[in-house]
Amino acid sequence: MNYPKDLLYSKSHEWIKYEDKIVIIGITDYAQDSLGDIVFINLPEDGDEVEKGEAFSDVESVKAVSDVISPVTGTICEVNEELLDSPEKINENPYDAWLIKAKEVIDHEDFMNAEEYEVFLKKQ
Amino acid sequence: MNTKTPLYNRHVELGGKMVSFGGFILPVQYRKGVIAEHMAVRNECGIFDVSHMGEIEIRGKDSLAFVNYILTNDFSKMIIGQVKYSPMCNVKGGVIDDLLVYKREEEKYLLVPNASNKDKVYNWINHNKSGEVEVIDLSDYYGQIALQGPNSEHIMRNYTKKENIPEKYYSFLENKEVLISKTGYTGENGYEIYAKKECITYIWDKLLEIGKNVGLIPCGLGARDTLRLEAGMPLYGHEMNDEITPITAGLGFAVKKNKEDFIGKKALENELLWKGKRIGIRIVGRGIARENCEVYLDDCKVGLTTSGTYLPYMKGAFAMALVAADLDVENKSMQVKVRGKKVDAQFVNLPFYKRKERK
């Protein structure tokens, strides 16, 4: 499985990328692989508030439903609406298929770098 | 405690995601995933390890009378080499399990219960034992493989001689240590192969080798569930249980009330018994209904879903639900509560998917 070095990772298996003051959030390779074929996603809307530790989306595979937990507190400024029609893009490339972008981030979880995340996964 | 099937090492080598199921460790899927596995069975062929299924044999002079007493279907006209499906009921008419029954000899029947119900079934049979019968649990002796899909016949022809392959649906042939039956749980043409555990890996490898040029891939429990749901087949613990009668579960065809006394008969004949029916639902709005979602008709709650997921061949979210038998479900607006939100749904006839021809 693949964990790019330029990303940060949360314990609930989201990846985080800072682009200036914008935070881009998706789910990790581990998360998509554990879920299996993703067939449905619920996404919030542009302008919605997200809070760290709270679910902002749910992804469903054939087998299961899983909440996506926000690793930050802030305001959503863009939603990847393409995923609503083709959620399988998350399986194909979880790091291209971002879910939301957030701005005005005032708080966040403790993140791990790629190396730490892989160690964390081994303990799962 | 979880038991490894004889194919455990194969599953791991093939990248199976192992989970515990009915007391066994089995793959929920392999590398290609549930959708690819599901589609392989619909279009080409899939191979499943179903060694977890139980095998209980009933032998002896009174075996026919006994199976007729403990099961709801009628076995009196059954011939050797035939397979019959039947619920097994408790005295209240609830379903203990649903099984396949193989008539191997005049006084020898093989019952195939679900893995998770095997001990319950075995104990129930022994508890109700009457006449000259012997009950033997052969579950530890047999392994089982299911080969399912349009190319399954071609693969079987290359695997064994024509005279070993049953032609009619719900029939079987056995020779030496291998029993081949034309049965399955996917809605496709296919076979289920029973053999002693030691032979199962050999058969698995050989079938995979023969089938690799015609699209055969290994399939896990995930695809087994989506395939049976798409084919409108009930699953124990979902569409039926100890409280739900076979009539309500839509299995009335396998309950023969005209035969002599059988366990559950009185209850099933009782006019006051609550009667339900199993219906098919297509989710039209956004969302995927799973088990235990509330179903509404014109804003009135009418029942609960019993199974539901995204069906790969139908390309949509579907569910089965249990409602009152006399409920008129047509031409009414239907909604299903999915994760707290009501989404639009539609009544559809079962099965959701039906293959074009059945030989």
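1. Start with B:Val336. Leaving out residues up to four places away in sequence, B:Val336 touches B:Ile281, B:Ile283, B:Ala289, B:Cys293, B:Val295, B:Thr305, B:Ala319, B:Val343 and B:Ala345. Contact here means that the C-beta atoms, placed from the backbone, lie within 7 Å.

2. A word on the model. It is predicted: local features need pLDDT of at least 70, side-chain atom pairs count only at pLDDT 80 or more, and totals for chains, interfaces and linings use all residues. Residues are numbered from 1 along each chain as its sequence is written, while chains are lettered from A and ligands numbered from 1 in the order in which they are written.

3. B:Val336 also belongs to the core story. The largest nonpolar core has 118 residues, and B:Val336 is among those with the most contacts inside it, as are B:Val101, B:Ile145, B:Leu147, B:Ile281, B:Ile283 and B:Ala319. Such a core is a set of buried Ala, Val, Leu, Ile, Met, Phe, Trp, Tyr and Cys residues joined through C-beta atoms within 7 Å. Buried means that 20 or more other C-beta atoms lie within 10 Å of a residue's own; exposed means 12 or fewer, and partly exposed is in between.

4. Look next at helix α7 of chain B, residues 221–230. Nine of its ten residues are buried. Among them are B:Leu221, B:Arg224 and B:Glu230. The buried residues pack against β2, β3, α2, β4 and β17 of chain B. B:Gly232 follows α7(B) and has a positive phi, near 70°. Helices (H or I, at least four residues) and strands (E, at least two) are DSSP runs, numbered from the N terminus.

5. Chain B has three domains: domain 1 (3–51 + 140–230), domain 2 (56–137) and domain 3 (252–348). The bounds come from an automatic or database domain assignment. The C-alpha centres of domains 1 and 2 of chain B are 24 Å apart. Ten residues of domain 1 of chain B are in contact with nine of domain 2 of chain B. Strand β11 of chain B (172–175) gives the most to the domain 1 side, with three residues.

6. Chain A has an open antiparallel sheet of three strands, in the order β4-β6-β7. β4 (38–42) and β7 (65–69) of chain A stand at the edges with a single partner strand each, so one side of each lacks a neighbour in the sheet. β6(A) and β7(A) pair over five bridges; strands pair if DSSP finds at least two bridges between them. A:Ala55 has A:Ile69 as its bridge partner in β7(A).

7. Finally, the two chains meet. Seven residues of chain A are in contact with ten of chain B.

Note on methods: Two residues are in contact if their C-beta atoms, placed from the backbone, lie within 7 Å.
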